[in-house]
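Please open the structure in the viewer and keep the selection panel at hand.

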Amino acid sequence: MCDKVALVTGSNQGIGFAIVEELLKRGVKTVYLTARNEQRGLEAIEKLKSKGLNPNFHLLEVTDSTSVKKCADYVKTKHGGLDILINNAAVLPEHWEEIIYEEAVPVITTNYHAILTIQEHFFPILNQDARVLNISSDLGHISNLRNKNWIARLTAKDVTKADIDAFVNWFLDSVKTGTLKPEDFTQTQMLAYRVSKVALCALTIVQQGEIDRNISINSIHPGFVQTSMTRGLGVFTIEEASKAPVYVVLDVDQSVKGQYFWYDKKIKDWRNPGIPLFGDFETIRKYM
């Protein structure tokens, strides 16, 4: 039994659910399955209990600072701190091949800004040698961008949160005003999601540079996974896709920090735009 406390955001279904299950199977003593809908969360808990597992549940809406604070305060009071935090909650735009401002805003809010809210309330309760994993995507690799200015700014050694904020605001403003240039990106399908995940990967590096207590913070592309968010399309089942994230938070040496992992558990160079690791929509189209 691994005497640690873990929490996975957005984990009542999909890869988050499978990560909770895998953590429990790997012997993590206390694992929190979280969801923004209490009924769905409790139903997920019962599914795991029917398999002989014993997860914990807490309501958590990552875009609501009050909800995030309540959850963090509860974990702090109940356990004294947190050892493993996996930021999994995310959304896709409804229209994958169109760029619609009203859809882009909630994607950026959930996939990027909510991570900052999580950071504000959960990072202070992380224990010594804790591990944080941000679930990203191949759509989050820097090769998804072609705009040289943003590539240089986001991959700079001294990149800051202000740089990332400016990047997502530039994107949203360009969508809102109709000034977005397709040539700034490798592909424009699922563009809000791409931007949010590029921002998340850059934020991972910033977070690692600011954290102390020997905490490791990494990001990962878990693969093209069959979930409700991907409309059931994908290469990997959620069970298959849960292995690499759990490997990173349980098995990788604590000295590995600020890295971008691939679904095969190998580290990829996130800062190199010359490596074509962008999420190819033509691959997705094959499964439609």
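The count of cavities of 30 Å³ or more comes to one. A cavity here is a set of points, on a 1 Å grid over the protein atoms alone, where a 1.4 Å probe fits but cannot get out; the points are joined across faces, edges and corners, and a volume is the space filled by probe spheres set on them. This is a predicted model, in which local features need pLDDT of at least 70 and side-chain atom pairs count only at pLDDT 80 or more, while totals for chains, interfaces and linings use all residues. Residues are numbered from 1 along each chain as its sequence is written, and side-chain values use heavy atoms, with hydrogens and water left out.

Select Pro93, Glu98, Ile99, Ile100, Glu103, Ala104, Leu191 and Ala192, which line the largest cavity (lining residues have an atom within 4 Å of a point). The space in this cavity is about 40 Å³. Its lining has six nonpolar, no polar and two charged residues, with Ala, Val, Leu, Ile, Met, Phe, Trp, Tyr, Cys and Pro counted as nonpolar, Asp, Glu, Lys and Arg as charged, and the others, Gly among them, as polar.

Next, colour α4 (101–122) and α7 (191–210), each of which supplies at least two lining residues. Helices are DSSP runs (H or I, at least four residues), numbered from the N terminus.

Now select Cys2 and Cys71. The disulfide count is zero. Cys2 is partly exposed at 22% relative accessibility, whereas Cys71 is buried at 0% (buried means under 20% relative accessible area, exposed over 50%, partly exposed in between, with a 1.4 Å probe and protein chains only).

Technical notes:
On a 1 Å grid over the protein atoms alone, a cavity is a set of points where a 1.4 Å probe fits but cannot get out, and a pocket is an open set with protein on both sides within 12 Å along at least five of seven lines; lining residues have an atom within 4 Å of a point. A disulfide is a pair of cysteine sulfur atoms within 2.5 Å.
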